[in-house]
Amino acid sequence: MNVPHDALWNSLPVPVFLLDARDKITEINPVAEQFLNTSARNLRGCSVFDQLSVEAPFAVALARARADQSAVFVKDVEVSGTHTAPVACNLQMAPDRKSVV
């Protein structure tokens with residue numbers, strides 16, 4: 001079965017953010033657009049730290065995922081966008097060759 005990339009990306013049931021090496025947003029999926037109440041076009045190039053508020057050491061977790069080249073999980077944290085109310089979430093960060101997911 002060969003599923004097109006866009007179909008898979010658009011069907012993910014959770015917010016997903018792709019970040020570059022400087023923690024700038026390069027892409028978000030439709031659920032992330034809903035979570036932040038804005039479009040991917042408006043967020044491309046923005047610092048993830050300016051767009052998400054995470055009640056945990058988010059920058060430390062991102063750095064660890066990159067340094068260890070492995071997934072990092074942060075459980076039971078409050079996450080909000082600049083225009084959205086906090087929501088209890090579990091975060092997963094994992095590096096790929098060019099970005100952190």
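Let me start with aromatic pairs: this structure, which is a predicted model, holds one of them. The partners are phenylalanine 49 and phenylalanine 58, and because their ring planes stand at 70°, with centres 5.5 Å apart, the pair is edge-to-face. In general, two numbers describe such a pair, the distance between the centres and the angle between the planes. How exposed or buried are the two partners? Phenylalanine 49 has 35% relative accessibility, so phenylalanine 49 counts as partly exposed. Phenylalanine 58 has a relative accessible area of 12% and is buried.

Phenylalanine 58 leads us to the core. The largest nonpolar core has 23 residues, and those touching the most other members are Phe17, Leu52, Phe58, Val79, Leu91 and Met93. Which elements give two or more residues to this core? On the strand side, they are S1 (17-19), S2 (25-28), S3 (52-54), S4 (72-81) and S5 (87-93). The helices are H2 (30-36), H3 (40-43) and H5 (58-68). As background, nonpolar side chains in soluble globular proteins tend to be buried together.

Now look at helix H5. Its buried residues include Phe58, Ala61, Leu62 and Ala65. Why do they sit on the same side of H5? Because they cover an arc of only 100° around the axis. The general point is that an α-helix has 3.6 residues a turn, so residues three or four places apart point the same way. The buried residues of H5 pack against S1, helix H4 (48-51), S3, S4 and S5. On the face turned away from the buried side, you will find Val60 and Ala67, which are exposed. After H5 comes glutamine 69, with a positive phi near 50°.

There is another glutamine to look at, glutamine 51, in helix H4. Is glutamine 51 buried or exposed? Its relative accessibility is 16%, and the cut-off for buried is under 20%, so glutamine 51 counts as buried. Leaving out residues up to four places away in sequence, glutamine 51 touches Ile25, Leu36, Leu43, Cys46, Ser80, Gly81 and Thr82.

Last topic: charges. Side chains of opposite charge can pair when their charged atoms come close. How many salt bridges does a search of the whole structure find? The count is four, and I will go through some of them.

One joins glutamate 27 and arginine 44, at 3.1 Å from N to O. Glutamate 27 lies in strand S2 and arginine 44 in the loop between H3 and H4, so this pair ties together parts that are 17 residues apart in sequence. Glutamate 27, at 24% relative accessibility, counts as partly exposed, and arginine 44, at 41%, also counts as partly exposed.

Another joins aspartate 20 and arginine 22, where the closest N and O atoms are 3.6 Å apart. Here aspartate 20 counts as buried at 19% relative accessibility, whereas arginine 22 counts as exposed at 61%.

Aspartate 68 has a relative accessible area of 47% and is partly exposed. Arginine 64, with 48%, is partly exposed as well.

Notes. Residues numbered from 1 in each chain as written. Predicted model: local features only at pLDDT ≥ 70, side-chain atom pairs only at ≥ 80, totals over all residues. Heavy atoms only, no water. Core = buried A, V, L, I, M, F, W, Y, C linked by side-chain atoms within 4.5 Å. Buried < 20%, exposed > 50% of the residue type's maximum accessible area, 1.4 Å probe, protein only. Helix = DSSP H or I, 4+ residues; strand = E, 2+ residues; numbered from the N terminus. Arc of directions from axis to C-beta. Contact = heavy atoms within 4.5 Å. Salt bridge = Lys/Arg side-chain N within 4 Å of Asp/Glu carboxyl O. Phe/Tyr/Trp six-rings, centres within 6.5 Å; stacked < 30°, edge-to-face > 60°.
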